[in-house]
Amino acid sequence: MPDSVRTTCPYCGVGCGVIATRQDGGRVSVAGDPAHPANFGRLCSKGSALADTLADPDRLLFPEIAGKRVGWNEALDHIATRFADTIAEHGPDSVAFYVSGQILTEDYYVANKLMKGFIGSANIDTNSRLCMASSVAGHRRAFGSDTVPGTYEDLEEADLVVLVGSNLAWCHPVLYQRLEAARARRPGLRLVVIDPRRTATAASADLHLALAPDTDVALYNGLLAHLERAGRIDRTYVARHTRGLEAALEVARGCDVATVAEATGLASADIARFYEWVGETPKTVTVYSQGVNQSVVGTDKVNAILNTHLASGRLGRPGCGPFSVTGQPNAMGGREVGGLANMLAAHMAIENPAHRGIVQDFWQSPRIAERPGLKAVEMFQALREGRIKAIWIMATNPADSLPDADAVRAALSACDFVVVSDVTRRTDTVPFANVLLPAAAWGEKDGTVTNSERRISRQRAFRAPPGEARPDWWALTQVARRMGFAEAFAYERPADIYREHAALSAEQNHGSRDFDIGAHTGIDEATYDALEPFQWPLRADGSGAARFFAEGGFFTADGRAAIWPVAYQAPRKRGRRYPLVLNTGRIRDQWHMMTRTGLSPRLLTHMAEPFCEIHPHDAERAGVSDAQVVVLESPHGRALLRALVSDRAREGSVFAPMHWSDQFAAAGRIDALVGPETDPVSGQPGSKFTPVALRPFAASWYGFAVLCERPEEIGAEYWAIAPVEGGWRVEMAGANPADVHELAAMLGVSLSSGNDRLSYRDTASGEERLACWKDGRLVAALFTGPAPVGVSRAWASGLLAAGFPSLRERASVLAGRPGGTAPDIGAIVCSCRNVGLNQITAAIKDGACDIATIGEAVDAGTQCGSCRSEIGAILARVQGGRTGGSGLQGGGMPEREDADEPVAEAV
């Protein structure tokens, strides 16, 4: 392998290019690829920390059956036999694959081919169902195909960008920085953010519409009606290229500004301004994400947005159009190969007999699935009911990430045969596996991925898989051969699969289907290895297009787009028992269930605990104070979370991140609370709207510790653990009284005579502190008291890597702050550059007067830029004469300020 390899980032759907360089001693450095057209060298905080995540002490290295190591042949024989026997006895619909938007297109293609063409069932679905299925359904209803019409450049060329249900600054920060750079070049470029929360993205908007959850259809129906009233309908485009406008307008005309204001809770003046801006701005781009998709009316939301662009003819040209930004690195690749239960390969339709014939003839398969299979939520309900008796789960963690997650665990426990392919033992799904397969990880596997703008890039290996880990396509191919399908699964390398994938995309496709990479039919190994990023379509004759639909050409039977009438349905009412709405989502530095990002200490410096963001009025009604541990409950489950009281939350709603699993917290699995209700068209669950109740956890003590070794178990009712340099940090709380020695016992800390110890107790406050050294090295520091402990987490997290030659320096540990002139950088604001609140505050006091000069002074905000709104809030406070903390400092000690995006160090 060369020393430097061009590959792609394994996180969000922006599809950033990465250069991985092998260093001396086996180390790897990671940098953004300046030649990649998605990111031009930029990386987010997660991408910048990729090298931190390559060493996993819990890495899966060998196949296992029933917890015992076996060889690959034994494991593969066992899987093939069990699947074949199950199919013979119960039929093809008794088995299922549940795969992931994090596997490569080649993996996806083989899995889909095996299930739909050779097993003969469509029971293959993906965790992408949880993030973009409503976009797929809306696209297909309107366009006749799952086509994203535009490109990233459209955001830069627009005069108005509307972000709907997207915290782009945190969830797609590189794309957000492209937008912000365009706004800096063209100050007239307006930004509207539609989101119930005042997010980091909303903080920079020209207009923020904090609408009530699940009322987007009312807002967009009102916009469609406004476009008609204002004479902004493009009657020529509509007449030539669409159908259904009058039916859609008949529904939308009932949504005047007053009606929309009542439905959404927005001010009439703000609604009117939004409508006027859109009406008068032909170059409008609407970017939407999970706030639209993750809803039981998600498909209707998508079509309500698409209707406004179709009716005004604003799509397919530079600077305008609807744009669905995906959440996973290869959700688009999975859509291309038919990785969803209701799709066929190459964007063909499973309900279309002609398409089924094309695919079956091309594959020369003995059968083809004739109807949609079970979508994700249905699949695990069928598992629990015994209708599915064998399942293969690949690169995903449904025990935590699916809604009603406790029921999913029960389903996995009840299933006769569960295969799990993963890279780590440290997931909550692994314990349910009858067979465990070690998969190749990022940096070890070769293939392709597709980003949100239809750009296909190569993901390349730069290191050998450890142990006996193997790529997913290889394991699938080996099982297929053992099931009797060797001739159709004769692949020896990823290029063989890609070549077939490309050929199928061009099969009987003379412009009748959108997805076409026929130019790569017959691609050789060397060309595949050197493949540069490109956008599809790339047809056999070399033709293609950056954008779709400027001149119509929709992929419906009549070639016209459907402007779909969508009636607004008021969200379900909340009752007295569950008076709040739970909104789940991502935070800046974490990804999915933290199996990768949880390995990086710096990615847990910003927010290290599961938390819920609560409006002050809701907190007051519930008797909850900032930094308390709270109980959040729904009809489906409960969680223990740290309270972050902030008016960024919409009154009546709480926000909680999705990331924490049992690997990192006692009870932080937020999807255990989310209901299993789904959109009737897309099957996507409504992860943004679950009725919940909130109450304080009756804690009699709070604790914080740094430890050189991870405890095997933690005996507290509430705990959250995160890696730090040289060890771990732990937050704790409990209902039953406990002193510092009992806290040590909960954490497995030895207080034997072999350790040097210092301890302190304040009888007035009830606080206790204890530190232990062995051979001059700090092995544990514990802090406890009746309230959240006032210790600088950023400082304490560096203690395990520090030396303590003198008693004075050891005593500073008990003080909970640096001794003498040692610096305390404060809560981390910029994870990329490891810059803390105190450093930024000092730079401002020394004369830094804006975000740019702060960056020059301390380097904060100069990498991915996702912390810039926080830096701006700190700047405003200091310049306004307020120098207090920014969020939850010192493990939950509240230093409250009206920040737009405060640091939540303990959270």
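What follows is a working chat about a predicted model.

Student: Before we start, what should I know about the model and the numbering?
Tutor: The model is predicted, so local features need pLDDT of at least 70 and side-chain atom pairs count only at pLDDT 80 or more, while totals for chains, interfaces and linings use all residues. Residues are numbered from 1 along each chain as its sequence is written, and side-chain values use heavy atoms, with hydrogens and water left out.

Student: OK, the five-strand open sheet. What is the strand order?
Tutor: The order is S10-S9-S8-S12-S13, and the pairing is parallel. Two strands pair if DSSP finds at least two bridges between them. Strands (E, at least two residues) and helices (H or I, at least four) are DSSP runs, numbered from the N terminus.

Student: Which strands stand at the edges?
Tutor: Strand S10 (207-209) and strand S13 (321-324) do; each has a single partner strand, so one side of each is left without a neighbour in the sheet.

Student: How many degrees are neighbouring strands turned against each other?
Tutor: On average 15°, direction ignored. Axes are lines fitted to C-alpha atoms, for helices over the stretch in contact, and angles run from 0 to 180 degrees between N-to-C directions.

Student: How many bridges between S8 and S12?
Tutor: Five, in the parallel sense, between S8 (residues 160-164) and S12 (residues 284-288). Val-161 has Val-285 of S12 as its bridge partner.

Student: Which helices pack on that sheet?
Tutor: Helix H12 (residues 268-279) touches S8, strand S9 (190-194), S10 and S12, and its direction makes about 120° with that of S10. Helix H14 (residues 298-312) touches S8, S12 and S13, with its direction at about 170° to that of S12. Contact means heavy atoms within 4.5 Å.

Student: Switching to S25. How many of its residues are buried?
Tutor: Five of the five residues in S25 (residues 653-657) are buried. Buried means under 20% relative accessible area, exposed over 50%, and partly exposed in between (1.4 Å probe, protein chains only).

Student: And which way do they point?
Tutor: Ser-653, Phe-655 and Pro-657 point one way from S25, Val-654 and Ala-656 the other. In a regular strand the side chains alternate between the two faces of the sheet.

Student: What does S25 pair with?
Tutor: Strand S21 (residues 580-585) pairs with S25 in the parallel sense over five bridges, and strand S22 (residues 611-614) pairs with S25 in the antiparallel sense over two. Phe-655 is the bridge partner of Asn-583, and Glu-613 stands opposite Phe-655 as well.

Student: Helix H20: buried or exposed?
Tutor: Eight of the 11 residues of H20 (residues 472-482) are buried, so the helix is largely enclosed by the rest of the structure. Trp-473, Leu-476 and Val-479 are among them. H20 is followed by Gly-484, which has a positive phi near 100°.

Student: How many aromatic pairs are there?
Tutor: The structure holds 25. Rings of Phe, Tyr and Trp (its six-membered ring) pair if their centres lie within 6.5 Å; planes under 30 degrees apart count as stacked, over 60 as edge-to-face and the rest as tilted. Phe-118 and Phe-489 are edge-to-face, because their planes stand at 70°, with ring centres 5.2 Å apart.

Student: Where do those two lie?
Tutor: Phe-118 lies in helix H3 (residues 105-119) and Phe-489 in the loop between H20 and helix H21 (494-506), so the pair ties together parts that are 371 residues apart in sequence. Phe-118 is buried at 4% relative accessible area, and Phe-489 is buried at 0%.

Student: Which arginines sit over rings?
Tutor: Among them, Arg-454 has its charged end over the ring of Trp-536, 5.6 Å from the centre, and Arg-458 lies over the face of Tyr-528, 4.3 Å from the ring centre. The criterion is NZ of Lys or CZ of Arg within 6 Å of the ring centre and within 35 degrees of the ring normal.

Student: Last topic, the largest nonpolar core. How many residues?
Tutor: It has 113 residues, and those touching the most other members include Phe-83, Tyr-220 and Trp-392. H3 gives the largest share, eight residues. A nonpolar core is a set of buried Ala, Val, Leu, Ile, Met, Phe, Trp, Tyr and Cys residues joined through side-chain atoms within 4.5 Å.

Student: What does the second core include?
Tutor: That separate core of 81 residues includes Val-148, Ala-158, Val-631 and Ala-667.
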